[in-house]
Amino acid sequence: MDMSARWLILTISGVTMGILLVPLSFWSTLGTRFCGGCLKNRWAIPTLDSVTLHIVRRSPSFTLTSDAWNYMLPSGGHIIHEGHSDGTVSVHTVAVFHQLRCLNIIRRYKLDGNHTEAISHCFNYLRESLICGIDMYLEEIPTRPVAAGYDRKCNDWEAVWREAEKNHASYDTYIRE
């Protein structure tokens, strides 16, 4: 092997080693580093902690006529905007927020009786979501109503809420630029 071939191999090896030593976090953001008007906030949910949710038979906060249903979604509703390095933005929905929105649509239908295509979509979507999520927790069927309720381990959905709020704020800033 002649000297120029050795230098070429050595140079390629050195450049490759240099690239491999750069942290992965740098490469994952490279596309957005040079995109001035890009949406900066990516949708990234942290690992969810377990929390205890107290399951109750009836909630005074969530009766059919309660206004609390209208505040179950973050500021951006169920919509998440994800920015890409080429400057495009894709629109998504978060399943838990989509499901809550559907429950509210069905609740409003029960109150006012206005049947829309959304009602049919929501019933089918919730059916599919329940099947897909397949919660195998064994719930005891009491012989008499349990007024006090019971505790259940769940994922901390507030972390998803906080990330949705950050995403919405980032998107608001993006569309104003």
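Start by selecting E128: in this predicted model, its relative accessibility is 39%, so E128 counts as partly exposed, between the 20% and 50% cut-offs. Show both side chains and you will find a salt bridge joining R127 and E128, at 3.7 Å from N to O.

Next, select D135 and R152. Their side chains form a salt bridge too, with an N to O distance of 2.6 Å. This pair ties together distant parts of the chain, 17 residues apart. To get your bearings, look for D135 in the loop between α4 (117–133) and β4 (150–155), and for R152 in strand β4.

Which of the two partners is exposed, and which is buried? D135 has a relative accessible area of 53%, over the 50% cut-off, so D135 is exposed. R152 comes out at 13%, under the 20% cut-off, and therefore counts as buried.

For the last stop, select helix α5, residues 157–176, and pick out K166 and E163 within the helix. They sit 3 residues apart, about one turn of the helix. Their side chains meet in a salt bridge of 3.3 Å, N to O. Have a look at E163 in particular: its relative accessibility is 7%, so E163 counts as buried.

Key:
Residues numbered from 1 in each chain as written. Predicted model: local features only at pLDDT ≥ 70, side-chain atom pairs only at ≥ 80, totals over all residues. Heavy atoms only, no water. Salt bridge = Lys/Arg side-chain N within 4 Å of Asp/Glu carboxyl O. Buried < 20%, exposed > 50% of the residue type's maximum accessible area, 1.4 Å probe, protein only. Helix = DSSP H or I, 4+ residues; strand = E, 2+ residues; numbered from the N terminus.
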